[in-house]
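Here are my notes on this one, as numbered points. Have the model open while you go through them.

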Amino acid sequence: MEFGSTVTKLREGRGWSQAKLAEKAGVSQETVAAWESGQEFPGQEQLLSLAMALKVKIPRLIEKDEELMVKVIEGTETYETAVMGVVSVVTAACALVLIALSHTDPSALQIAIRVTEAVLIVGLLALVWQRRGPRAQRAKAFRDALEAADGSQTAFVIKRKAGRNTGNVIMQFVLGAIIAVTLIVLLGIIVPESRLPWVML
């Protein structure tokens, strides 16, 4: 990314040290050093503070990186969709196995239920990680930066500049629905006392 070198050039052009820029932007010197080295990317508020401190507009700070930022956002969305796809297939497979065992081999059902519970925990942790992990946080920071550069707070900006993929959005919705329905079915099998009428198989 060129963001770090852009900040460095603008800072040095003013004859400021990292400490001076940090003071002006209201952040620590370590944060400025992390930005300039490319280790971190500022959130929307920090980006605004940085632009104000350097007396430039936000687009000036990110103009060389917009294409890369869009690619990262799109790649992250595709990755999230793939993770949801794997989780939905695995949970559906668990549900089918449990349904089959409940009708054919009830003695093996308890072991299968324990294995399914472990699989569900791993699957749910994977879903949380894909939404909260470093990759997702970086994509969010890039989305916020593109939004701030445009000066708008609308979803249209993200779709237009960050290439919000309609196919990914629809697929994530469908996969989310599959996961939700499958979890309800699994709840009915694992905790039969829940007495959910639509999962009494």
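1. First, a term: I call a residue buried under 20% relative accessible area, exposed over 50% and partly exposed in between, using a 1.4 Å probe and protein chains only. By that rule, 40% of the 201 residues of the protein chain are buried. Keep in mind that this is a predicted model, where local features need pLDDT of at least 70, side-chain atom pairs count only at pLDDT 80 or more, and totals for chains, interfaces and linings use all residues. Numbering starts from 1 along each chain as its sequence is written, and side-chain values use heavy atoms, with hydrogens and water left out.

2. On to the secondary structure.

3. As for the surface, the chain exposes about 11400 Å², and 62% of that comes from carbon and sulfur atoms. The areas are Shrake-Rupley values with a 1.4 Å probe, and for residues only the protein chains shown count as cover.

4. Now the inside. A nonpolar core here is a set of buried Ala, Val, Leu, Ile, Met, Phe, Trp, Tyr and Cys residues joined through side-chain atoms within 4.5 Å. The largest one has 29 residues, and Phe3, Leu21, Phe41, Leu50, Leu61 and Ile62 touch the most other members. At least two residues of this core come from each of α1 (3-13), α2 (18-25), α3 (29-37), α4 (44-54), α5 (58-62), α6 (66-104) and α8 (134-150). Helix α8 supplies the largest share, 7 residues.

5. Leaving aside residues up to four places away in sequence, Ile62 touches Phe3, Phe41, Met69, Ala145, Leu146 and Ala149. There is also a second, separate core of 10 residues, with Ala95, Leu101, Ala112 and Ile113 among them.

6. What about aromatic pairs? Rings of Phe, Tyr and Trp (its six-membered ring) pair if their centres lie within 6.5 Å; planes under 30 degrees apart are stacked, over 60 edge-to-face, and the rest tilted. The count comes to 2 pairs. Phe3 and Phe41 have ring centres 4.9 Å apart and planes at 55°, so this pair is tilted. Since Phe3 sits in helix α1 and Phe41 in the loop between α3 and α4, the pair ties together parts that are 38 residues apart in sequence. Both of these residues, Phe3 and Phe41, are buried.

7. The other pair is Phe41 with Phe142: centres 5.0 Å apart and planes at 90°, so edge-to-face. Phe142 is in helix α8 and Phe41 in the loop between α3 and α4, so the parts tied together are 101 residues apart in sequence. Phe142 is buried, as is Phe41.

8. Last, a look at the outside: is Lys9 buried or exposed? Lys9, in helix α1, is exposed, with a relative accessible area of 56%. Lys9 and Glu36 are 27 residues apart in sequence and 9.6 Å apart in space, C-alpha to C-alpha.

Key: Helix = DSSP H or I, 4+ residues; strand = E, 2+ residues; numbered from the N terminus. Contact = heavy atoms within 4.5 Å.
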